[in-house]
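These notes are for someone opening the model without having seen it before. They go through a few contacts, the cores and some backbone points in turn.

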Amino acid sequence: MMFGGLLAGCGGGDKGADPAPTEQANKDNAGEKKTDDAEKKDDEKKDDAKTDDATQNEGVFPATDPAASPAAATNRKDTLIVGMTAPKGIFNPFYGETAYDNYVIKALFNSFTEVQKDGTYANSLAEKIDVSDDGLKYTFHLKPGIKYSDGTPMTVKDYVFAVKVLCDGAYDGPSDMMSVKIKGAQEYHDGKAKDISGIKVIDDNTVEVTVLEPQAMTKDSLGTVWMVPESYYGKGYKQGDLESIKALNNKPIGSGQYVLTKFAPGQEVDLTANPNYFLGAPKVKNVVFKTTTDETKMAMLQSGETDMDLFTTNMEDNLGEIQSSGFFNTTIFPTNGYGYVAFNIKQKRFQDVKVRQALVYGLNRKEIVEGVYGKYADVINIPQSKVSWAYTNENINPYEFNMDKAKQLLDEAGWKVGADGIREKDGEKFKINFSAQADNTVVNALIPIMTQNYKELGIDLVSETLDFNAIMDKKNKGDYEMYFAAWGLTADPDTTIYITNGAQNKSGYSNKKVDDLMEKARKELDQNKRKELYKEMYQVINNDVPCIFMYQRRDMWPINARVKGFDLAPYKDFSYGLYNVEIPQ
């Protein structure tokens with residue numbers, strides 16, 4: 001969960017893309033991803049791989065009959081239609097949190113730097129970035145002549161405004177800019193200063209930012225703050241009151257590739273090319289994000305109603321059907337994220353680690369994952385994707401399905417089986433209310449197995465059916481017991497999801513050792529040393545099981561062969577490069 005355009009000191013993210021509601025971890029903090037030459041060559045081979053072998057679970061599967069594209073698609077000369085789960089409609093770069101809102105945000109806004117396919121960051125709006133030898137001073141030089149979509153000239157004062165909003169004491173969004181430790185940010189956050197002393201405007205195109213300590217992700221955290229026009233977003237802004245900014249959630253103005261022209265909740269988002277885009281007007285005039293479901297997306301692709309969509313379940317069958325259509329170029333790669341089942345650890349019973357461990361041991365995750373994904377997903381036990389340099393499997397408990405072990409742990413935790421077969425403790429029955437997403441392939445497989453497994457454990461599981469956005473609302477309010485979702489991660493492992501009172505920690509999980517290791521890793525500049533710190537942290541989290549880690553899956557993106565120019569990768573989703581896409585006539 002939760003893509004990271006708000007690198008701004010945050011890192012995980014619930015997506016909502018997959019059969020899981022997916023949040024976007026909002027910390028694009030990538031750091032420089034280092035690979036040896038052999039790894040680079042292997043990656044290049046994977047990128048260049050062209051295959052039509054359906055036994056493969058990664059690669060590019062080219063169209064065999066592009067001319068078979070239906071008239072509904074081929075007659076659409078200037079419009080690209082992307083199928084996806086309905087966004088919430090929070091197209092505000094300060095507050096967007098789901099993957100689907102972030103798809104829109106990344107089409108509408110820009111920042112000084114932008115993530116690349118390999119997880120590193122390169123200049124975007126920045127002409128250059130100067131970093132002092134001690135890593136405490138960062139000077140960003142804005143490219144001249146950039147305008148917002150309404151024609152307003154961009155200056156670095158807009159950047160200063162955005163940072164002030166993120167550091168405001170009233171800010172309650174997913175970003176964690178305070179962790180970057182900008183000089184004077186704490187005083188501004190506490191209302192003791194009217195400006196952030198560590199930010200100095202040199203001229204309209206140059207801003208200098210001083211931090212109190214060097215961190216691995218400082219440059220990228222500062223560089224990925226979305227640029228917004230202060231003349232628009234700052235009209236009603238008062239320090240300590242962000243309501244005027246929240247009021248613009250579905251009325252965005254940015255400098256990005258496209259401009260929002262229509263939002264029909266639950267139906268579609270319409271975008272039109274921004275003629276003022278600093279890299280040149282996008283080649284495709286109109287982009288529509290149309291709402292699809294697992295039940296509708298295949299038919300809509302094959303009929304030409306949509307040009308591309310994301311498949312994550314029943315992939316072997318879906319790939320076969322897509323290939324038989326003949327007119328799709330299909331890319332499959334590991335997702336940078338993971339699926340999970342959340343606990344509300346603010347509830348007393350979930351505060352007992354033995355209870356949480358029992359609920360993992362007592363759930364046949366392998367049966368669920370293989371049933372939904374087949375060879376296109378793997379059970380995981382830490383909150384990290386296998387594509388990350390920080391991933392580890394060293395001294396990690398696999399929590400293989402073990403009903404006897406689960407029962408033993410619940411017994412030790414004081415939950416005894418009652419006369420009706422349901423466990424109880426201190427007069428409380430062990431009943432779990434599970435918030436289940438409607439029409440969700442994973443949930444449809446998860447609920448019956450979880451219900452049966454937990455019944456055998458002596459737990460009564462009751463599920464309520466809601467849509468994705470309703471589940472996210474319940475999560476944010478803390479009004480839940482358990483739910484299923486997925487995190488879409490950014491390129492760096494730095495995140496607030498499992499940090500005490502972290503910006504994206506809604507479960508209530510807290511472990512001082514995890515906090516300390518994350519803080520040390522954030523400050524460590526040597527990536528090899530960072531990796532060791534994260535390894536130790538993941539081992540602690542693996543023991544604590546703050547949630548039930550379910551799987552890392554693969555993404556499958558079929559794209560109508562009439563559309564050219566997409567360049568997809570685990571770290572960089574399609575929305576970043578929309579301006580390069582074209583529909584040859």
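1. Contact here means heavy atoms within 4.5 Å. Setting aside neighbours within four places in sequence, Gly 256 is in contact with Ala 107, Leu 108, Phe 109, Asn 110, Asn 274 and Tyr 277. Gly 256 sits in the loop between α8 (243-246) and β11 (258-264); helices (H or I, at least four residues) and strands (E, at least two) are DSSP runs, numbered from the N terminus. Gly 256 counts as buried because its relative accessibility is 1%, where buried means under 20% relative accessible area, exposed over 50% and partly exposed in between (1.4 Å probe, protein chains only).

2. The model is predicted: local features need pLDDT of at least 70 and side-chain atom pairs count only at pLDDT 80 or more, while totals for chains, interfaces and linings use all residues. Residues are numbered from 1 along each chain as its sequence is written, and side-chain values use heavy atoms, with hydrogens and water left out.

3. Val 207 belongs to strand β10 (residues 206-210). Its relative accessible area is 0%, so Val 207 is buried. Apart from neighbours within four places in sequence, Val 207 is in contact with Phe 112, Tyr 138, Thr 139, Phe 140, Val 156, Tyr 159, Val 160, Ile 199, Lys 200 and Ile 202. From Val 207 to Ile 499, 292 residues apart along the chain, the C-alpha separation is 31 Å.

4. Which residues have the most contacts inside the largest nonpolar core? They are Ile 182 and Phe 289, in a core of 151 residues. A nonpolar core is a set of buried Ala, Val, Leu, Ile, Met, Phe, Trp, Tyr and Cys residues joined through side-chain atoms within 4.5 Å. Helix α4 (residues 156-167) gives the most to this core, with nine residues. Not counting residues up to four places away in sequence, Ile 182 touches Val 163, Met 177, Ile 196, Gly 198, Ile 199, Val 209, Thr 210, Val 211 and Leu 222. There is also a second, separate core of twelve residues, which includes Leu 301, Ile 332, Tyr 376 and Met 556.

5. Helix α11 (residues 353-361) packs against helix α13 (residues 403-412) at an angle of about 160°, with the axes 8 Å apart. This makes α11 roughly antiparallel to α13; the term covers angles over 145 degrees. Axes are lines fitted to C-alpha atoms, for helices over the stretch in contact, and angles run from 0 to 180 degrees between N-to-C directions. On the α11 side the contact has Lys 354, Val 355, Gln 357, Ala 358 and Tyr 361, and these meet Met 403, Lys 405, Ala 406, Leu 409, Leu 410 and Glu 412 in α13. The residues of this contact of α11 with α13 divide into seven nonpolar, one polar and three charged. For these classes, Ala, Val, Leu, Ile, Met, Phe, Trp, Tyr, Cys and Pro count as nonpolar, Asp, Glu, Lys and Arg as charged, and the others, Gly among them, as polar.

6. The axes of helix α16 (residues 512-523) and α17 come within 9 Å and cross at roughly 165°. α16 and α17 are therefore roughly antiparallel to each other. Their contact includes Val 514, Leu 517 and Met 518 of α16, and Leu 533, Tyr 534 and Met 537 of α17. By class, the contact of α16 with α17 has nine nonpolar, no polar and five charged residues.

7. Two residues deserve a look for their backbone angles. Most residues other than glycine have a negative phi. Asp 426, which is not a glycine, has a positive phi of about 50°. Asp 426 lies in the loop between β18 (423-425) and β19 (428-429), and counts as exposed because its relative accessibility is 71%. Val 545 also has a positive phi, near 35°. The place of Val 545 is the loop between α17 (527-544) and β23 (547-560). At 3% relative accessibility, Val 545 counts as buried.

Methods. Angles under 35 degrees count as roughly parallel, over 145 as roughly antiparallel, 65 to 115 as roughly perpendicular and the rest as oblique.
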